[in-house]
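The questions below go through a protein chain from its core to its surface and its charged pairs. Each answer ends on the value or name asked for.

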Amino acid sequence: MTTLAPPPHQEDARRSHRAGPPADGGVAARARRLFTGPEDDPRWARPALWAILLLATALYAWNLTSITGNTFYDAAVYSGTKSWKAFFFGALDSGSFITVDKPPFALWVMGLSARVFGYGTWQLMLPMVAAGTGSVAILYRQVKRDFGAVAGTISAVVLTLTPITVAITRDTNPDPILVLLMMLGAAALMKAVRNGRLMPLVWSAVAIGFAFNTKMMQAYVVLPVFFLVYLWATNVSLGKRVRNLAVATVALVVSSAWWMVIVDLIPASSRPYIGGSTDNTVWDLVIGYNGFGRIFGASSSVGSQGNGASFGGSSGLYRMFNEIMGGQISWLIPFAAIALIGGLVLRGRAPRTDAKRAALMLWGGWFVLHFLTFSLAEGTFHPYYVTAMAPGIAALAGAGGVLLYRAFREGAAAKWAWVLPAAIAASSIWAVVLLQRVSGSGTVYTVAEIVVAVAGIASVLGLLVGRFTHRHRLMGFAALAAVVALLAGPAAYSVSAATSSTNGTNPTAGPSTGGGMGGGGGGMGGAPSGTKSGTKPSGSAPTGTRPSGSGSAPSSSSNSSTSSESGSESGAQQAGGGGMGGDTQVSSAMITYLKKHQDGATWLLAVSTDQTASSIILESGQPVISMGGWSGSDNAMTLAKLKSLVKSGKLHYIMVSSTGGQGTNSEITTWVKAHGTAVSAYSGLYRLDASDVS
């Protein structure tokens, strides 16, 4: 077995770099190194990093004003700018009737931006773009530290050009914040592995705790490999490793649970209903809807949403390669898998505390755990979830690729002459297969297919000829051709995601390949099978346009029809995704009517689902009650609660199903129709006053 290490002069350079800057550096020298990099770096390294970060920012922020985002989360952010109570709880409405189905950390980040700069498109997207670019920078630094500037550069480019990462970073779903926090946790963990100190490990746990408060149990997918890497590779005694992990576990529990504990300790009458839960507690949301319900499918916590498998195709090990998911994430999975195995073999005889093997274990475990979790999950699954897997793939492509290239070029064992070419060939062939699926969708994909095929063949042949004829320059050119072959396909999809409108509730990159259903917040509804990503499906909630930054309520006239005749429903758009009120019509004219006759009520209207409520909130700027949560299955509104709100004058208008046959609480529908006054101009709309409550 051949174990290759960097040349001694590189190790010495790295040691001098770790020791800190020269004593005479000064502020000017530090500022210069920020742009030029450490003196021991290749001269091209730092300019290349800045170019990659600029590319990432451009992809994530291109044509920013065209981004609509997820109206579900947009409405919650808007409500949080109007009420600190709604801000803290992550309530959908500023009256704090019900929360969204996620913890609020990502909403807080966007909400603070909106409070500082005003509510608008770029204000909400600013934290997302920063999070996406920040994740690229962190990955570069982590991979470069152990495997050199070439590996770090490749990893950064791969993460930047991961199609689903581009798509989701151009949205207001919480995933970019989740990934950034997990990356911070990984960086702190590796620092703890290297120096054996406790505090970096504690900060790693705190970062994962905040990630938990962004998207709950998904943040914990990486925990097993975090624990394993620290326990295996840290250069301190076993007893100290165990003690440090125990302390870090306490930090993890505290940083994860503090918001949940506070919310669950507050009496239900003094806080919003916890959206997505079955018993109005955050704990149920954690272990049910956002926990085991995602893994095992239908349960009491998932309710009418079913298992949601159609969002990303059927569960199974092939899911990441199917027609929905393949173009989003799988381009470099063959290469990454081979690089992981090859890299671990190459470091097989290294000491237990070897930093390179520890890094391979971390990123390999990150990739494998996410792959298995997302592939086998039988619950609600959206394609954009897999952006969390992208850092693992990118790190393995860079670090593992450099290790394989070094073994290919310098290794004495003949077997290494075939591993790198095989890895390149595997991913190149898979890229051609992916591009053939969509080659009829546009010239760019056909061109990309040709580029991948030609560059892939040139790379494999160039590597083999160069190796057996000892022409190192030819091998170098072949390696560059491999980069082109492996990145041409993802680049085409990423540019597509950056230059076309996206489905805010279920963003994906590239052309339609069939099957992906949209739906934000983990619920059903949105684009039907085969709908092109970026188009608004029939029957989905109208997308409210954000205000320009003045803090005023948005106008969504482009998405919700305004009638010139008072009371007319002509052209009104269907709103609601099922549940009570799912077949009613909501128009701008109706919203104008409601605002005119609000009569001091806290809530403008009560509707059945979050989709309808969020659209009206963004259209009107007023709080709207979602009685049934995302899918209409939440038990948030009871008849007694509704009567109390009406009697106190906090609510006058309720929208129910015009057919009366659909809804989570037929008792409410029956009572409203029996005691309310129908507003004849608007189907399903009823007015109730205190005198109507017996």
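A nonpolar core is a set of buried Ala, Val, Leu, Ile, Met, Phe, Trp, Tyr and Cys residues joined through side-chain atoms within 4.5 Å. Buried means under 20% relative accessible area, exposed over 50%, and partly exposed in between (1.4 Å probe, protein chains only). The model is predicted: local features need pLDDT of at least 70, side-chain atom pairs count only at pLDDT 80 or more, and totals for chains, interfaces and linings use all residues. Residues are numbered from 1 along each chain as its sequence is written, and side-chain values use heavy atoms, with hydrogens and water left out.

Q: Which residues touch the most other members of the largest nonpolar core?
A: The chain has 694 residues, of which 61% count as buried. The largest nonpolar core holds 198 residues. Those that touch the most other members are Met 320, Trp 363, Met 389, Leu 605 and Ile 654.

Q: Which helix gives the most residues to this core?
A: The secondary structure comes to 25 helices and 7 strands, taken as DSSP runs (H or I, at least four residues, for helices; E, at least two, for strands) numbered from the N terminus. With 13 residues, the element that gives the most to the core is H18.

Q: Against which helices do the buried residues of H16 pack?
A: Helix H16 covers residues 333-346 and reaches 20 Å from its first C-alpha to its last, close to the 20 Å expected at 1.5 Å a residue; the expected span is 1.5 Å times one less than the number of residues. Its buried residues include Ile 333, Phe 335, Leu 340 and Leu 346. Contact means heavy atoms within 4.5 Å. The helices packed against are H15, H17, H18, H19 and H21.

Q: Which residues make the nonpolar surface patch of about 410 Å²?
A: Patches are made of residues with over 30% relative accessible area and no salt bridge, like charges being joined within 9 Å and nonpolar side chains (Val, Leu, Ile, Met, Phe, Trp, Tyr) within 5 Å. Areas come from the Shrake-Rupley method with a 1.4 Å probe, and for residues only the protein chains shown count as cover. The patch consists of Val 116, Phe 117, Trp 122 and Leu 126.

Q: Is Val 116 buried or exposed?
A: Val 116 is found in helix H6. Its relative accessibility is 62%, so Val 116 counts as exposed.

Q: How many residues apart in sequence are the parts tied together by Lys 144 and Asp 41?
A: These two form a salt bridge, with the closest N and O atoms 3.2 Å apart; the term covers a side-chain nitrogen of Lys or Arg within 4 Å of a carboxyl oxygen of Asp or Glu. Lys 144 is buried at 15% relative accessible area, and Asp 41 is buried at 12%. Lys 144 lies in helix H7 and Asp 41 in the loop between helix H2 and helix H3, so the parts tied together have a sequence separation of 103 residues.

Q: Which residues are linked with Arg 687 in a network of salt bridges?
A: Arg 687 is buried, with a relative accessible area of 16%. Its side chain meets that of Asp 689 at 2.9 Å, N to O, and Asp 689 is partly exposed at 24%. The residues linked with Arg 687 in the network are Asp 599 and Asp 689.
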